[in-house]
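Please read the following note with the sequence and the model side by side. It is intended as a guide for a first reading.

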Amino acid sequence: MADKVDIAALAKLARLEVSDAEVAKLEKEIPDILAFVETIQKADVSTEAKTDGLRNVMRADESPHESGKYTETLLKAAPARVGNRVAVKQVISRKK
Amino acid sequence: MDISKLTIAEARRALDAKEYSALDLTNAYLDAIREKDGEIHAYLEVWEDSARAEAKAADAIIAKGEAQALTGIPLAIKDNILIEGRIASSASKMLENYTASYDATVIQKLKAQGAVFLGRTNMDEFAMGASTENSAYGPTKNPHDTSRVPGGSSGGPVAAVAAGLALGALGSDTGGSIRQPAGFCGVVGVKPTYCAVSRYGLMAMGSSLDQIGPAAKSVGDAKTIFEAIAGHDAQDSTSINYVPANKPLRKIIGVPRAYLAEGVDADVLTAFENTLTQLRTQGYEIRDVEMPNLSYSLAVYYIVMPAEASTNLSRFDGIRYGHSVQAEAIQEVYTKSRGEGFGPEVRRRIILGTFVLSSGYVDAYYRRARSVRELIRSDFKRVFEEVDAVALPTSPTPAFKIGEKSDPLSMYAADIFTVSVNLAGVPAISVPGGAVERDGKMLPVGFQIIGTWSGEDTLFKIAANVEL
């Protein structure tokens with residue numbers, strides 16, 4: 001079904017830096033795995049199966065805890081912070 | 001104190017009878033870890049000081065006569081379950097320095113009982129693997145033959161129990177990750193019913209498959225740990241209000257023979273048949289059952305799991321926590337942090353998951369896999385109308401050599417008999433079911449019993465009959 005898999009494009013979609021050597025390796029491995037999982041095409045799924053037990057779970061639309069209770073704890077894990085915020089690089093740039 | 005044969009049940013008796021203290025018990029395990037874990041490498045970190053403090057606190061509870069089942073019991077925890085203030089790395093470079101911000105619900109429950117946490121144990125990175133070789137911190141060795149793998153992904157916690165380096169352990173099972181190492185190491189491992197145990201504080205891999213479960217020396221011990229951690233949790237909206245199915249035991253076990261026709265080592269199959277014979281002598285009827293869709297399990301699993309894993313792992317982006325590479329643009333922060341932080345198997349599954357979910361392929365792969373998954377589920381539903389449980393070997397082979405399986409597909413095949421359980425959401429237990437010889441060493445094999453939804457009580461009963 002998928003003869004050629006564009007690993008570089010998938011890596012880009014997954015926001016994952018992959019070396020050229022690994023791209024070459026995955027270009028061989030991923031199609032092998034896909035050829036294996038292809039066996040599901042033989043299954044008879046003509047009768048639609050019903051999924052039991054699925055239900056929506058809601059909570060009350062209110063603050064589950066007081067504001068700021070976990071701010072310090074969670075910010076401690078962040079690689080970079082400015083005050084009470086996680087610091088990130090500029091997302092939209094005018095350059096280029 | 002001889003801890004080599006010790007069980008939680010026996011330790012409970014001795015602790016309550018004041019034959020030794022919880023501190024003595026914990027010290028005995030810390031000594032054993034110091035002596036033996038250099039060879040096994042079950043632990044990534046041992047918490048000697050806090051373990052002793054927890055043991056002393058347990059002694060105070062015992063002195064007051066308020067001990068619960070796990071008070072003062074030394075346990076090993078898989079490295080993907082959060083304990084507040086402790087590093088939880090999922091055996092990944094991505095989380096090498098990540099300190100957990102909160103306790104997983106299972107940890108809260110164990111703390112409430114006064115259990116002792118010996119340390120965090122090794123695993124395949126982000127629970128992806130069947131051998132513990134995918135750990136970023138080196139493989140764990142099988143205590144029965146240190147040239148072999150302990151299985152995975154919960155190889156560390158299970159090997160710790162098998163080697164007498166913990167009385168019990170918590171692992172996680174997405175496609176066999178507790179049962180397969182339990183089989184390889186000769187201990188008991190349980191994959192509970194989907195959502196019977198809260199996953200709050202478990203690092204997610206495949207959210208429709210993941211479950212936390214126990215590894216222990218005996219069926220009774222596994223039951224004790226399971227009962228301590230099961231139940232609804234407001235922090236995990238998928239968790240269920242667990243009520244045991246409590247069905248009367250008809251003593252009928254189904255075996256899907258067609259599924260065993262090929263790919264199983266001959267002596268592993270013989271060990272499986274021997275266990276069935278043993279059950280027959282105890283009054284069980286062994287019945288052939290047809291489960292035609294089981295043969296699709298592995299293929300369905302290797303579509304659904306990477307799809308969910310690639311989605312779940314998108315949260316590791318170098319921004320809020322974990323490995324972070326500073327770069328000029330935010331896109332580069334993402335790609336470089338992820339490229340450096342994740343190991344090869346994790347990267348492979350992210351790529352695979354991204355493919356099966358990508359526009360143009362999602363219908364043929366992911367959506368179709370979901371439909372076939374329902375067929376597998378209905379196979380189980382149908383057979384449980386006529387049998388108490390379904391039996392299968394836990395794995396088609398005994399523990400393999402470290403480095404033996406270098407291509408991904410041969411490693412994935414190790415999960416052949418375990419993944420259907422996660423796809424269907426049913427519970428299963430692996431109990432020691434004999435041993436086979438490889439290179440002059442006797443290696444244990446697991447006997448897997450699969451039950452109906454919330455049918456853990458039935459599994460524990462049948463497993464106790466196997467254990468005899």
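The points below treat the contact between the chains, then helices, salt bridges and a surface patch.

1. Basis of the note. This is a predicted model, in which local features need pLDDT of at least 70 and side-chain atom pairs count only at pLDDT 80 or more, while totals for chains, interfaces and linings use all residues. Residues are numbered from 1 along each chain as its sequence is written, chains are lettered from A and ligands numbered from 1 in the order in which they are written, and side-chain values use heavy atoms, with hydrogens and water left out.

2. Extent of the interface. Chain B brings 54 residues to the contact and chain A brings 45; contact means heavy atoms within 4.5 Å. About 4300 Å² is buried between the two chains, and carbon and sulfur atoms give 68% of that area. Buried area is the accessible area (1.4 Å probe) that two parts lose on being put together, summed over both.

3. Polar links across the interface. Between chain B and chain A there are 15 residue pairs in polar contact, both residues being at pLDDT 80 or more. A polar contact is a pair of N or O atoms within 3.5 Å; within protein, one must be able to donate a hydrogen and the other to accept it, and residues adjacent in sequence count only if both atoms are side-chain atoms. On the side of chain B that touches chain A, the elements giving two or more residues are helix 9 (297-312), helix 10 (330-341), helix 11 (344-357), helix 12 (363-383) and helix 13 (408-412) of chain B. Helix 12 of chain B gives the most, with 10 residues. Helices (H or I, at least four residues) and strands (E, at least two) are DSSP runs, numbered from the N terminus.

4. Salt bridges between the chains. The count between chain B and chain A is three salt bridges, a salt bridge being a side-chain nitrogen of Lys or Arg within 4 Å of a carboxyl oxygen of Asp or Glu. Glu29(A) is joined in this way to Arg348(B), with the closest N and O atoms 2.8 Å apart. A network of salt bridges links Lys25(A), Glu29(A), Glu345(B), Arg348(B) and Arg349(B).

5. In helix 5 (residues 155-162) of chain B, seven of the eight residues are buried; buried means under 20% relative accessible area, exposed over 50%, and partly exposed in between (1.4 Å probe, protein chains only). Just after helix 5 of chain B, Gly164(B) has a positive phi of about 75°. In helix 1 (residues 8-16) of chain B, the buried residues are Ile8(B), Ala11(B), Arg12(B), Ala14(B) and Leu15(B). Their cover includes helix 2 (22-40), helix 3 (48-63) and helix 7 (219-229) of chain B.

6. A salt bridge within one helix. Arg52(B) and Glu48(B) meet in a salt bridge (3.2 Å, N to O). Both lie in helix 3 of chain B, four residues apart, about one turn of the helix. An α-helix has 3.6 residues a turn, so residues three or four places apart point the same way. Arg52(B) is partly exposed at 24% relative accessibility, and Glu48(B) is partly exposed at 25%.

7. A nonpolar patch. Val86(A), Val88(A), Val91(A) and Ile92(A) make a nonpolar surface patch of about 380 Å². Patches are made of residues with over 30% relative accessible area and no salt bridge: like charges are joined within 9 Å, nonpolar side chains (Val, Leu, Ile, Met, Phe, Trp, Tyr) within 5 Å. Accessible areas come from the Shrake-Rupley method with a 1.4 Å probe; for residues, only the protein chains shown count as cover. Val86(A) lies in strand 2 (residues 85-86) of chain A and is partly exposed, with a relative accessible area of 32%.
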